[in-house]
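This briefing covers charged pairs and nonpolar cores in a predicted model. The points are grouped by topic.

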Amino acid sequence: MQSEGDFGAFRLDRRNECVWRGDAEVALTPKAFAVLDHLWSHAGQLVTKKSLLDTVWGDTVVGDAVIKVCVREIRKALDDDPKEPRFIQTVHRRGYRFIGATRGAAVDVAPAPLQSGPLRPATFVARKSALARLDTALDRASAGERQVLLVTGEAGIGKSSLVDVFGRSAAARPNVRVASGQCIEHYGEGEAYLPVLEAISRLVRESRADETLSLLTRYAPTWALQLPAIAERLNGDRLRLEAMGATRERMLREIAEAFEVFLPGETLVLLLEDLHWSDYSTLDLVSLLARRLGPARLMIVTTHRPSDVVLRSHPLRDVARELLGRPGCGELALGSLGEADVECYLRARFGAEDVGALAHAICERTGGNPLFMVHVVDHLVEQDLVDAEGRLTVDPSELNVGVPDTVRQIVERRITELDAADRELLSAASTAGREFDVTAVADAIGMEPVEAERRCDRMARRHELVRPSEAVPWPDGTISARYTFEHTLIQHVLLDLLNPADRVRVHRSLGERLEAGYGENAHQIAAVLSVHFEEGRLEDKAVAYRLAAARGARLRHANREALKHLAAATQVASRLWGKDRDRAVMDVLTDRGLVLRAMGDMQGAAQEFEAVAETARAQQLPAREAQAELYLASALFWVARDLCLRAVDRAAAAAERLDDDELRAHVRGWCGHWNLSLRGWSAPAVRACEEAVISARAAEQPEWLRLHLVRSIFLEMLRGDYEAADRAALEATRLTLAQGDAFDHLLAHFFHAWALLHAGRWREMRTVLERGENIARKNGHDLWLALFGLNRAQLAEQACAFERARALAGPALARAATNPSEAGQLLFHAQIVCGLAELGLGRHADAAHQLIGVSEAIATTPFDVDWMLHLPLRWAELSLALQSDAAEPIANAAERLHDLARCSGERTYRALAFLGTARAADMAGDCAAAEAARAEALALVDDEKRPLAAWRVHRAAAAAAKGAAATAHRKRAVAVLARLRGELEGEQELAATLAAVTAKVSP
């Protein structure tokens, strides 16, 4: 083979595996050099991606992405512009071509492919029945029968090797896609759905990526958002809207549906290894995929060690028990190899037939454990106890002397044979886990990354302790080679050999290098960083990344994993001292409270927030105290509103001790909203809410602005400024979407619909409701569906479709009856709507029954009824009084409605109150007072802005007037009703009932 060749200003030196530019060496990683070498040796020819993968990576399972990473590195080193290449030309979708002028014959001889791991030959020759069973299951999956196989066995028995060989053979079949992911052993809780996300990432990086992305966007947008590299390639706003309000149940359902439909005509094989280290969420998904009904061209193969499951009391035990009773699910338990199997392996290894004596001796020594067997054979060959044809050179009895008793001892001996630099490199790498980034490890021991990769590459070829893995660029652009220990036992032996001081130092260095490499994206590997900093005795950083990992789990709605991370954070925080410990504990308790609140455990959340508030008060930290009290109020709102308001008052008091004007405005504004919502209208509360919006906008605090804008919709509703409410709602909706706040997004829709109802903009209201209901329905938010149903019931009641209104309010009443903890808002709102509907149907006693229930609640527990319901309640009570012949009850009811509406300056309900005052005056014979009240009502209404009051006021004015004046008022009432009816296009039932009302009003 030609050892050197020139191209341009460069010289390729095969003997030393490097590239020179004059007298200067051009830095290239070993893999990048191997790619360049292969391209150079085929100059002018198309080199396919498959050829590069087979030559450079051998039988290591990697995707096309590793080639792109290497080519990018080569181009950077050679100053080669991909748009105008001088050396490497991309052949779209096929491969690459070396186009640089070369001097020196290029011989078409490729470097030897990397050796595979030590178990693969044994697995191939000795697990034929297991492979046959897997192949049969794949045949069934390809026929549409979903299959789940749990491959079990103890350490070293060959589970991974079996799955690896099966995965390769399956991928070679037409119309079969294989994706793999591995659970990682962590000191604490790992990442939710880690192996599944890894499998999806590999699917996307492989060929037909566009089709896979399209499928994810269509069927599983919540998962597309979990993978930043994927989300960046898609429409972010659309994805956020599609995924808004997602729940754990929705995430599971979406990915299950995506896997089941996958790509048309293709079978998907998911390989999930080491489930004994799995997170809860991955188990939930495997269980769901197995339990779903209907055909699916889907096969799931998992591996785990039964003993680890028992020792850890891992939930996989119960999941496996459940799955094994279902059709299409089975267990493939791998036992030790028999003597015949060992003979097969030895014949394949040595190419000789007479290996019976050696096979018998190996079986006796190893008990048929494949991992132990391979390493013992390697040891015997190295010690010249077995010749090149597999024959023993000593008596079998002598094998007991000098041969280690366990595979661990063999691994230890192999490690001691490494030179000092290799041993130091692998020892440092063992702290990273089974898989490690060479760049980070090299930095930890002060070795050049290129040198470290060369050493790893050599050890992979000679010692079979590690093997190359798929390289993934870091966010800062670093291209780090990645290697995997051939077995976790190798990693654990190396880790045990590392002295405690070095272990701390290496963990710390690895954490700091990875943190720097990921920069602002460090949260993506928060679980890994938390372990490195915890073991590196940087407790403050360890707590911070445990919190980040918990927040990441919350975003995936994996609350159990989040609580595990927070439990680990608590342990680490206890090792801090003084105020640092107190602050860390407060951080953990705050996040724990948020998780419990998201899980619906309001009492548990309240306990955590209360503890934070007490600590902050003792430490004289008013900002933390105010935040904790507001969180406490948000939890207590659902279970004890009187205690909620006490927390609000304490937050307001803490705000007065703040030096930060912007923060003080934020806290005051939030407290102002709670006071408006539960205590009613007050000028100080209104001022606080308004100033909070102004301050948040000036300070460019989008999260604060979002929160206050959503609640300002409520404020504008109370004072009847529907246009201002609409403007606030549109801005708030954009902000909540951008920030992914599902609760506030839906709350903005609810308030917006209420404002549009009263503004008579019913077409827009229906659109807003459809959007909100779509999000709620997609995510199974039944409470929000019930609340939006009440918005629709109010619309039906205003259109005089009273039976429809009762029917739409029915689900809210039913839910309130079965969910007492959330009954307040839901029940009282539904009772008011039903009361008005019963009145419209002429069932006065039923109406009274509904309304009395709300009035009694206000009398006994006034905070239980949200203030936004008071105006429609008082209007309903006035409407009921108007059905009587007594002037006094009507006048009293009108005065109560006046008092409420007058507080905020609300004009719709105040105009309606004047109609009651006029009616009472008419009944009392006070014509002047009646006329004055009707005049007041007419002055308040605006036919365009307050149509709900306008048509009723004009109808009443027409009834009291005569001649042309009466006709004019009737025409105005009809015009308002006609406009409202025009807003009901597509709602034939509502349009018909409103048309009937219009006919009665017409002159």
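Arg706 and Asp741 form a salt bridge, with their closest N and O atoms 3.3 Å apart. Arg706 lies in helix α34 (residues 702-718) and Asp741 in the loop between α35 (722-739) and α36, so the bridge ties together parts 35 residues apart in sequence. Arg706 is buried, at 10% relative accessible area. In this predicted model, the count of salt bridges comes to 65.

**Other salt bridges**

- Lys541 and Glu515 meet through their side chains in a salt bridge, at 2.8 Å from N to O.
- This pair ties together parts 26 residues apart in sequence, because Lys541 belongs to helix α26 (residues 539-555) and Glu515 to helix α24 (residues 500-518).
- Lys541 is partly exposed at 29% relative accessibility, whereas Glu515 counts as buried at 19%.
- Arg408 pairs with Glu412 in a salt bridge whose closest N and O atoms are 3.3 Å apart.
- Arg408 and Glu412 are four residues apart in helix α19 (residues 407-416), and therefore about one helical turn separates them.
- Arg408 is partly exposed at 28% relative accessibility, and Glu412 is partly exposed at 27%.
- A network of salt bridges links Asp419, Asp422, Glu451, Arg455 and Arg458.

**Nonpolar cores**

- The largest nonpolar core has 142 residues, of which Val667, Trp762 and Met868 touch the most other members.
- Helix α36 (residues 742-759) supplies the largest share of this core, 11 residues.
- Leaving aside residues up to four places away in sequence, Val667 touches Ala626, Leu630, Ala651, Ala655 and Leu658.
- Another core, of 127 residues, lies apart from the largest one, and its members include Ile200, Val386, Met459 and Ala481.

Conventions:
Residues are numbered from 1 along each chain as its sequence is written. This is a predicted model: local features need pLDDT of at least 70, side-chain atom pairs count only at pLDDT 80 or more; totals for chains, interfaces and linings use all residues. Side-chain values use heavy atoms; hydrogens and water are left out. A nonpolar core is a set of buried Ala, Val, Leu, Ile, Met, Phe, Trp, Tyr and Cys residues joined through side-chain atoms within 4.5 Å. Buried means under 20% relative accessible area, exposed over 50%, partly exposed in between (1.4 Å probe, protein chains only). Helices (H or I, at least four residues) and strands (E, at least two) are DSSP runs, numbered from the N terminus. Contact means heavy atoms within 4.5 Å. A salt bridge is a side-chain nitrogen of Lys or Arg within 4 Å of a carboxyl oxygen of Asp or Glu.
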